[in-house]
Amino acid sequence: MQLRRQPLSAPRPGDTRPAAQRLAVPLLLLLALQGAAASGEPEDSGWLQDAEPSSRLLSQAARAALHFFNFRAASPSALQVLASVLDGRAWVNQKKEYKFDLVFTTEFYRAEEGEKRLGTCSAQVFFRNDKPRPAVNVTCTQLIKKERRQEEDYQLYKLMKQLKSPLNAVRIPDSHGYIAPSLRPIWNLAFLGSSYVMWQKTTPFLHYFMSQISSVKQWKTNDDAIDFDYTVLLHEFSTQEIIPCRIHLVWYPGKPLKVKYHCQERQTPEEGSGTEEGSAVALTELSNF
Amino acid sequence: MQSSPGGGVVRKRSPVSRWTLLVCSFILAAALGQMNFTGDQVLRILAKNEKQLSLLRDLEGLKPQKVDFWRGPARPSLPVDMRVPFSELKDIKAYLESHGLVLLDEEREAMAKSRRLERSTSSFSYSSYHTLEEIYTWIDNFVTEHSDIVSKLQIGHSFENRSILVLKFSTGGSRRPAIWIDSGIHSREWITHATGIWIARKVSMDRRGWDGVEVTCPALFQNRLWRKNKSSRPGTFCIGVDLNRNWKSGFGGNGSNNNPCSETYHGPSPQSEPEVAAVVDFIMSHGNVKALISIHSYSQMLMYPYGHSLEPVSNQEELYHLAKDAVQALYEVHGIEYIYGSISTTLYVASGITVDWAYDSGIKYSFSFELRDTGRYGFLLPATQIIPTAQETWMAIRTIMEHTLHHPY
């Protein structure tokens with residue numbers, strides 16, 4: 001059995017740390033008041049460090065950071081997913097806001113069997129009550145060189161340009177988990193757009209995975225950019241809800257991603273009242289970073 | 001001691017009396033099989049070329065929300081499975097016919113007939129996902145082929161009045177200690193049904209001195225991502241109760257929801273759902289179940305009670321070490337990492353769950369699996385991962401079964 005890095009809190013094969021002492025929600029409070037930490041908070045807001053943050057909480061924060069990273073990188077051929085959290089510290093204040101300092105490993109999202117390259121990221125993640133989305137500061141090691149990434153993005157772009165508007169009714173993946181090779185670039189691009197949405201929606205209590213593209217409304221490539229309008233089904237933990245989100249993105253290799261979205265929230269129980277719409281429309285245009 | 005019909009294989013008799021392995025087939029109420037309660041049908045269509053594929057895709061655009069591709073139009077010569085509500089059947093068949101698309105209806109009928117006539121599970125593809133009908137056929141064949149040790153029991157009915165089946169592995173005798181395994185309480189967790197079938201097969205081959213019960217629950221759905229059962233009640237148009245929140249232990253607590261539209265709606269009262277009541281009745285009447293394993297997906301976790309509380313159970317230490325061993329055995333098959341611990345500290349707080357009830361009912365070795373993967377495909381796990389998942393899960397389950405066997409209580 002090869003040596004692998006053990007994540008911080010969760011027992012894994014080989015780990016002998018007893019789990020019994022770990023409490024997920026009531027925090028063991030250290031009275032050493034941490035100052036602003038790396039997130040740049042100058043004032044003392046009563047941050048108390050959680051001495052034993054649960055691996056679930058740390059993973060959630062790491063995923064939020066990674067969603068943000070993927071969105072900012074805007075590169076559908078270089079999407080990364082969380083491998084494991086190596087080190088994590090958590091603080092909470094009286095307002096029940098959370099701060100995290102994390103180091104975690106990542107691997108490529110692309111389903112390349114056998115290619116298990118691991119990258120490393122460090123991130124600070126800040127969940128505030130008054131802001132809908134977590135503030136993220138994240139740096140990752142390069143999994144592939146910039147030139148190669150740009151080249152692969154461009155190849156992907158060329159493939160997408162050739163796709164005729166085909167996709168009117170196909171669910172991706174299908175019920176058997178199958179994605180046709182010709183549809184893979186679409187899946188990757190959809191994941192990129194969804195990363196923005198998942199970053200926006202993640203809280204210390206809710207996190208997301210992309211389940212399926214349930215429909216494609218539009219796939220245009222007349223100008224240079226790819227104009228993609230689709231509905232994606234996000235799986236929400238810990239509520240187990242499936243949230244349909246309509247996403248409209250515009251992508252060109254090397255340029256920041258433009259995206260807006262609208263997610264449908266859960267139905268209310270009264271008969272005939274229809275769906276309650278969660279209006280979370282955001283139009284984002286970023287300058288070059 | 002009996003020898004197996006294969007000739008000459010002598011089963012080791014354990015010092016403890018032999019076990020009964022109970023496999024429960026949870027037929028969750030629900031929407032679809034080839035033909036279901038409301039008349040929905042799954043049509044199988046063969047598209048000969050890209051043009052025909054494109055026509056199929058157009059169909060969904062023409063009939064929004066009405067057709068549901070189970071096997072999407074991917075490439076020519078691969079059959080396309082499409083669920084169609086009864087009200088649309090006529091229209092859609094006309095559309096298909098007018099465009100020269102071949103319905104594998106007659107072919108399907110013939111295949112179905114031949115399947116019924118088939119007396120063998122050896123042609124069953126374990127590396128694909130199957131329809132309800134196919135699973136039923138497999139169950140019948142399996143029971144026939146292993147009639148010396150396997151029997152099929154019906155323990156109740158789902159909300160939509162479908163049978164809930166249990167596969168009972170037993171070498172004879174009664175009231176022996178038993179191990180209960182169930183899968184598919186949540187319809188969308190397809191990998192669990194597929195794994196359950198595999199495990200049934202492995203148990204029948206691994207004749208060790210235990211008798212086992214394996215449960216595999218054919219899935220019926222409202223849609224591919226449906227989680228709950230299909231019960232309905234006046235006052236709300238939302239359907240379904242989360243069967244893994246409807247058990248008596250910690251019912252209604254955190255991590256369950258009293259909103260009928262919620263995916264974790266616990267139902268009006270503990271065991272209100274016929275599916276849960278049937279299992280409770282069966283296990284309580286049996287009276288001698290010593291281990292219970294409930295299989296779900298996804299997250300790659302092996303967990304023990306409690307879900308409703310952060311407090312450790314009194315057997316925490318032993319369960320922790322057993323989980324650790326089981327996860328190690330799993331890892332050694334394909335290098336897949338699972339995390340382990342109590343449900344509330346590993347996954348999330350959840351109340352009214354199966355394993356909490358089991359533990360509080362005296363079943364010490366109560367475990368819950370969350371199978372592959374960790375989110376990349378989630379519920380839509382590619383069929384290529386079925387057998388590897390089943391193989392590794394079997395090794396973990398075997399570890400738990402052996403421990404149970406050697407630690408009678």
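Me: Hi! In what order do the four strands of the open sheet in chain A come?
Reply: Hello! In this predicted model, the order is β7-β8-β9-β10 in chain A, and the strands pair in the antiparallel sense.

Me: Which strands stand at the edges?
Reply: Those are β7 (207-220) and β10 (258-263) of chain A. Each has a single partner strand, so one side of each has no neighbour in the sheet.

Me: And by how much are neighbouring strands turned against each other?
Reply: On average by 25°, with direction ignored.

Me: Let's start with β7(A). How many bridges does β7(A) share with β8(A)?
Reply: Eleven bridges, with β7(A) and β8(A) (residues 226-237) antiparallel. To find one of them in the structure, look for A:Val216, whose bridge partner in β8(A) is A:Tyr230.

Me: What lies between β9(A) and β10(A)?
Reply: Six residues, and the two strands form a hairpin. In the turn, A:Gly254 has a positive phi of about 90°.

Me: Which residues of β10(A) are on the covered face, and which on the uncovered one?
Reply: A:Val259, A:Tyr261 and A:Cys263 make up the covered face. On the uncovered face you find A:Lys258, A:Lys260 and A:His262.

Me: Switching to chain B. At what angle do helices α4 and α5 cross?
Reply: At roughly 5°, and their axes come within 12 Å. In chain B, α4 spans residues 132-145 and α5 spans residues 190-205. That angle makes α4(B) roughly parallel to α5(B), because anything under 35 degrees counts that way.

Me: Which residues meet there?
Reply: From α4(B), B:Ile135, B:Trp138 and B:Phe142; from α5(B), B:Ile197, B:Ala200, B:Arg201 and B:Ser204. By class, the contact has five nonpolar residues, one polar and one charged.

Me: Last topic: what pLDDT does chain A average?
Reply: The average is 78, and 73% of the residues score at least 70.

Me: Where does the pLDDT of chain A stay under 50?
Reply: One stretch is residues 12-42, for which the model has 69 contacts beyond four places in sequence. Residues 270-289 of chain A are also below 50, and this stretch has 45 contacts in the model beyond near neighbours in sequence.

Key
Residues are numbered from 1 along each chain as its sequence is written. Chains are lettered from A and ligands numbered from 1 in the order in which they are written. This is a predicted model: local features need pLDDT of at least 70, side-chain atom pairs count only at pLDDT 80 or more; totals for chains, interfaces and linings use all residues. Side-chain values use heavy atoms; hydrogens and water are left out. Axes are lines fitted to C-alpha atoms, for helices over the stretch in contact, and angles run from 0 to 180 degrees between N-to-C directions. Angles under 35 degrees count as roughly parallel, over 145 as roughly antiparallel, 65 to 115 as roughly perpendicular and the rest as oblique. Contact means heavy atoms within 4.5 Å. Ala, Val, Leu, Ile, Met, Phe, Trp, Tyr, Cys and Pro count as nonpolar, Asp, Glu, Lys and Arg as charged, and the others, Gly among them, as polar. Two strands pair if DSSP finds at least two bridges between them. Buried means under 20% relative accessible area, exposed over 50%, partly exposed in between (1.4 Å probe, protein chains only). pLDDT is the predictor's confidence in each residue, from 0 to 100.
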